[in-house]
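Hello,

Here is the structure I promised to hand over. Please open it alongside this email; my notes follow below.

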Amino acid sequence: MRRETERALPFPARFARVLRRIIGAPDYQAYLEHCRAAGHAPTLGEREYVAQFFEAKGKGVRCC
């Protein structure tokens, strides 16, 4: 399902999504698509999603 929706996106949007994955940035649109595909309403607004993303990312093992 995800690949089908990605193919429907214009090139700049697809490029931005790939770039976000490479650098590890949050992708709110992907979250919304996931919620739609899973059949439930999104529980987080964009600000809450980004805050939760970075909070979870900071709790991993770090070398420095």
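**What I found**

Ala-16 is partly exposed, at a relative accessible area of 27%. (Buried means under 20% relative accessible area, exposed over 50%, and partly exposed in between, with a 1.4 Å probe and protein chains only.) Ala-16 sits in helix α2, residues 11–23. Helices here are DSSP runs of H or I with at least four residues, strands are runs of E with at least two, and both are numbered from the N terminus. Ala-16 and Asp-27 are 11 residues apart in sequence, and their C-alpha atoms are 9.4 Å apart in space.

**How to read the model**

This is a predicted model: local features need pLDDT of at least 70, side-chain atom pairs count only at pLDDT 80 or more, and totals for chains, interfaces and linings use all residues. Residues are numbered from 1 along each chain as its sequence is written, and side-chain values use heavy atoms, with hydrogens and water left out.

The predictor's confidence in each residue is its pLDDT, from 0 to 100. The chain averages 81, and 80% of the residues score at least 70. Among the elements, helix α1 (residues 2–8) has the lowest mean pLDDT, 61. Helix α3 has the highest, 91. Where pLDDT is low, predicted coordinates should not be read in detail.

**Salt bridges**

A salt bridge here is a side-chain nitrogen of Lys or Arg within 4 Å of a carboxyl oxygen of Asp or Glu. By this rule there are three. They link Arg-17, Arg-20, Asp-27 and Glu-33 in a network.

- Arg-17 pairs with Asp-27, with the closest N and O atoms 3.0 Å apart. This pair links distant parts of the chain: Arg-17 is in α2, and Asp-27 is in the loop between α2 and α3, 10 residues apart.
- Arg-17 also pairs with Glu-33, at 3.2 Å from N to O. Arg-17 lies in α2 and Glu-33 in α3, so the pair ties together parts that are 16 residues apart in sequence.
- Arg-20 pairs with Asp-27, with the closest N and O atoms 3.7 Å apart.

Are these residues buried or exposed? Arg-17 counts as buried, at 5% relative accessibility. Asp-27 is buried too, at 10%. Glu-33 is also buried. Arg-20 counts as partly exposed, at 33%.

Helix α3 covers residues 28–38, and its buried residues include Ala-30 and Glu-33. The largest nonpolar core has five residues: Tyr-28, Tyr-31, Leu-32, Cys-35 and Tyr-49. (Such a core is a set of buried Ala, Val, Leu, Ile, Met, Phe, Trp, Tyr and Cys residues joined through side-chain atoms within 4.5 Å.) Four of the five come from α3, the largest share.

Cys-35 touches His-40, Ala-41 and Pro-42, leaving aside residues up to four places away in sequence. Contact means heavy atoms within 4.5 Å. Just after α3, Gly-39 takes a positive phi of about 85°.

**A nonpolar surface patch**

Phe-11, Phe-15, Val-18, Leu-19, Ile-22 and Ile-23 form a nonpolar patch on the surface. Together they have about 650 Å² of accessible area, by the Shrake-Rupley method with a 1.4 Å probe, where only the protein chains shown count as cover for residues. Patch residues have over 30% relative accessible area and no salt bridge; like charges are joined within 9 Å, and nonpolar side chains (Val, Leu, Ile, Met, Phe, Trp, Tyr) within 5 Å. Val-18, in helix α2, counts as partly exposed at 43% relative accessibility.

Best wishes
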